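Me: I'm new to this one and would like a quick tour. Can you take my questions as they come?

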Amino acid sequence: MNEKKSNGIYKRNSESQTDELKRGIVGLNICEECGGFCTESVPLIEGLPVNAQVSLMEHSVHETLKKNSYLFREGEPVDSICIIRKGRVKLCRYDSLGREQIITILADHDIIWEGMFLDGSIYPYSAVCLTNASICQIHRDDFIKVVNDPTAAMNTIILLSKKLHDANERNMLLSTKDPMARLAGFLMYRVDRSATDDIVLKLDDIAASVSLRTETVSRKLREMEKMKLITRTGHGKIKVLDRDALREIYVSQ
């Protein structure tokens with residue numbers, strides 16, 4: 001679900017706008033990790049006027065969370081935009097038997113903001129750091145104060161459309177009965193949202209993402225390796241070798 005490869009309305013800051021941003025953040029209390037550019041490369045925000053971005057950076061809260069720590073828990077109120085500046089975070093929930101279901105896994109420049117504009121909204125899932133993560137948070141009230149721009153409204157509509165499309169893709173994936181096809185679809189889903197052909201996930205996380213047993217996932221991955229569709233390089237890293245073949249396995253079911 002990575003939106004770094006944005007286009008259309010999600011235009012990168014021009015060189016002059018970047019210089020203006022640099023001048024605007026001089027003297028601000030900013031974190032070293034993001035260098036003050038919390039809003040850069042974030043589709044919801046990057047199209048805003050420079051003065052609005054500077055104001056948001058000035059009021060943002062920066063923190064570094066350790067692996068396995070919670071950014072928030074299911075049921076807590078939604079009160080801010082969470083920007084994952086660096087690291088990986090999983091959104092997950094648990095059923096009545098305590099089994100984990102991973103909603104999605106987010107990485108650098110992804111944002112968590114659904115429900116922020118609804119009064120009384122609560123998180124329907126928990127956010128857990130899969131690695132050490134650098135997080136920048138912008139409070140809901142601060143965002144609403146500075147956002148009075150039609151570009152922000154259009155960005156919000158487009159992002160909501162993308163989120164809906166993404167949710168439909170995940171639902172179709174989980175409705176696939178054949179384990180090999182479901183896993184192939186998941187690998188395509190992840191690699192399509194990655195800047196490289198590498199997927200860095202533990203077996204348990206993959207299994208929870210596709211609602212399969214860990215043993216089943218391990219067995220199917222071995223089969224894919226024999227078919228030279230993927231290769232595993234250790235430390236939970238999978239490299240996709242043949243995207244077209246994976247897609248064919250998925251769509252043929």
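Predicted model: local features only at pLDDT ≥ 70, side-chain atom pairs only at ≥ 80, totals over all residues.

Me: What is Gly115 in contact with, beyond its neighbours within four places in sequence?
Reply: Val78 and Ser121. Contact means heavy atoms within 4.5 Å.

Me: And how far is Gly115 from Pro77?
Reply: Their C-alpha atoms are separated by 9.5 Å. Along the chain, Gly115 and Pro77 are 38 residues apart.

Me: Let's zoom out. How many helices and strands are there in the protein?
Reply: Eight helices and eleven strands. The protein has 253 residues, and buried ones make up 47% of them.

Me: What about contacts across the sequence?
Reply: Take contacts between residues at least 6 apart in sequence. Of these, 72% join residues at least 24 apart.

Me: Now the sheets. What is the strand order in the one with β2?
Reply: The order is β2-β7-β4-β5, in an open sheet of four strands with antiparallel pairing. Two strands pair if DSSP finds at least two bridges between them.

Me: Which strands stand at the edges there?
Reply: β2 (70-72) and β5 (100-106). Each has a single partner strand, so one side of each is left without a neighbour in the sheet. From one strand to the next, the twist averages 30°.

Me: What holds paired strands together?
Reply: Strands of a sheet pair through backbone hydrogen bonds, either parallel or antiparallel.

Me: How many bridges join β4 to β7?
Reply: Four, between residues 89-94 of β4 and residues 126-129 of β7. Leu91 stands opposite Ala127 in β7. Val89 stands opposite Cys129 in β7.

Me: Which helix packs on that sheet?
Reply: Helix α6 (residues 203-210), which touches β4 and β5. Its direction makes about 105° with that of β5. For such angles, axes are lines fitted to C-alpha atoms, for helices over the stretch in contact, and angles run from 0 to 180 degrees between N-to-C directions.

Me: How do β4 and β5 pair?
Reply: In the antiparallel sense, over six bridges. Lys90 has Ile105 in β5 as its bridge partner. The hairpin of β4 and β5 has five residues between the strands, and Gly98 there takes a positive phi near 85°.

Me: What about the sheet with β1?
Reply: That is an open sheet of four strands too, in the order β1-β8-β3-β6, with antiparallel pairing. β1 (61-65) and β6 (111-112) stand at its edges. Inside it, β3 (residues 80-86) and β8 (residues 133-139) pair over six bridges. Ser80 stands opposite His139 in β8.

Me: How many disulfides are there?
Reply: Zero, counting a disulfide as a pair of cysteine sulfur atoms within 2.5 Å. Cys82 is buried at 1% relative accessibility, and Cys136 is buried at 0%.

Me: New topic. At what angle do α5 and α8 cross?
Reply: Roughly 135°, with the axes coming within 8 Å. α5 covers residues 179-191 and α8 covers residues 243-251. They are therefore oblique to each other. Angles under 35 degrees count as roughly parallel, over 145 as roughly antiparallel, 65 to 115 as roughly perpendicular and the rest as oblique.

Me: Which residues meet there?
Reply: Among them, Met180, Ala184 and Leu187 in α5, and Leu246, Ile249 and Tyr250 in α8.

Me: Where is Ser211?
Reply: In the loop between α6 and α7 (214-226). Ser211 has a positive phi of about 55° although it is not a glycine. Ser211 is partly exposed, at 47% relative accessible area.

Key
Residues numbered from 1 in each chain as written. Heavy atoms only, no water. Helix = DSSP H or I, 4+ residues; strand = E, 2+ residues; numbered from the N terminus. Buried < 20%, exposed > 50% of the residue type's maximum accessible area, 1.4 Å probe, protein only.
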